[in-house]
Amino acid sequence: MIIDPLKIFVTVVEQRHFSRAAKLLNLSQPNVSLHIRNLETELDTTLFIRSPKQVKVTEAGEMLYIRAKKILSLYEEAKQEIADQKHIVQGTIKIGASFTIGEYILPRTLAQYANEHPLVHVEVTIGNTEEVIEKVRSNQLDIGLIEGERHDYDAVPFMEDEMIIIAPADHPIAQLRIVKPDMLEGQTWIWREKGSGTRAYSDQLIQKLDINVKRSFIFSSSQGIKEAVSAGLGIAMISKLTVKKELQTGEIKQIQVSNRTFTRNFSIIQGKQDFVNRAHDLFIEKIMTIEK
Ligand SMILES: O=S([O-])[O-]
């Protein structure tokens, strides 16, 4: 089939090396060379300038490479459509999730999804909200699960999340049943890094409550924040989902600010792929129906 030589050709171009390509493809080097020679004969041109260290792609090779990538991608689409017609759910989906979603929501949802669709391969990348958005925008990821709502990326909310202020168990404000907003004045805060949904929410809150921060520390994970608060470093705003256990054990305390509750949404964004497979659609359906 023409697809195999094209796959081999594309791999040699990308690796700039016959033996590296052969290794990646699990073929012998003579086999790879034979396929390339056959292609050259068929097209009556030279595709590579060979040297012992590297191969250089000729102009004709560059032209073929661009078309070969398109042919291979169309072929994958056709394969997927045929499988979809037969109701076989397969393929790969690349999902990006913020830390809170990736560590506290996605594993359970994914376990159910993987059970229901055993032929789907899922790759998960965890990063902060801005990193996930950037990867979806540049098509490195198919789906992004982010914190907050981003109208600029057609984000669709799928779940509400409660944010709370936490303090070390022996902190003076942790001893009060209700804390007035002005009692949060002049505290030491532990923040997530800029770019995270948690940080964006915390910044808005500090602004809204119009309070001064005495000192702040930055941690780039929820785990780091929990540990820092429980060690007595300061107070923090965080998703309640991430501290359920610690609240139960009493290691850290939730601060009730007047009669306020703080909520935000988790949202889903999708890349602009030309072709969306059924595995992808079913995953979106699963996320949209997560038990709240
Ligand atoms: O990981 S976050 O908070 O965007």
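How are H1 and H4 oriented to each other? In this predicted model, the axes of helix H1 (residues 3-15) and helix H4 (residues 59-85) come within 9 Å and cross at roughly 125°. Angles over 145 degrees count as roughly antiparallel and those from 65 to 115 as roughly perpendicular, whereas the rest, apart from angles under 35 degrees, count as oblique. H1 and H4 are therefore oblique to each other. The crossing in which H1 passes H4 is left-handed.

At the level of the whole chain, the domain assignment gives domain 1, covering residues 1-88, and domain 2, covering residues 161-263. A distance of 54 Å lies between the C-alpha centres of domain 1 and domain 2.

The analysis also considered open spaces in the model. Rolling a probe the size of a water molecule over the atoms shows where empty space is left. The second largest pocket has a volume of about 480 Å³. Two elements give two or more residues to the lining of this pocket, namely helix H5 (99-104) and helix H6 (106-116). The largest share of the lining, four residues, is supplied by H6. In total, 14 residues line the second largest pocket, and those that lie nearest its centre are Tyr104, Ile105, Arg108, Thr109 and Glu291.

Key: Residues are numbered from 1 along each chain as its sequence is written. This is a predicted model: local features need pLDDT of at least 70, side-chain atom pairs count only at pLDDT 80 or more; totals for chains, interfaces and linings use all residues. Side-chain values use heavy atoms; hydrogens and water are left out. On a 1 Å grid over the protein atoms alone, a cavity is a set of points where a 1.4 Å probe fits but cannot get out, and a pocket is an open set with protein on both sides within 12 Å along at least five of seven lines; lining residues have an atom within 4 Å of a point. Grid points are joined across faces, edges and corners, and a volume is the space filled by probe spheres set on the points. Domain bounds come from an automatic or database domain assignment. Axes are lines fitted to C-alpha atoms, for helices over the stretch in contact, and angles run from 0 to 180 degrees between N-to-C directions. A crossing is left-handed if the near helix is turned anticlockwise from the far one by less than a right angle, and right-handed if clockwise.
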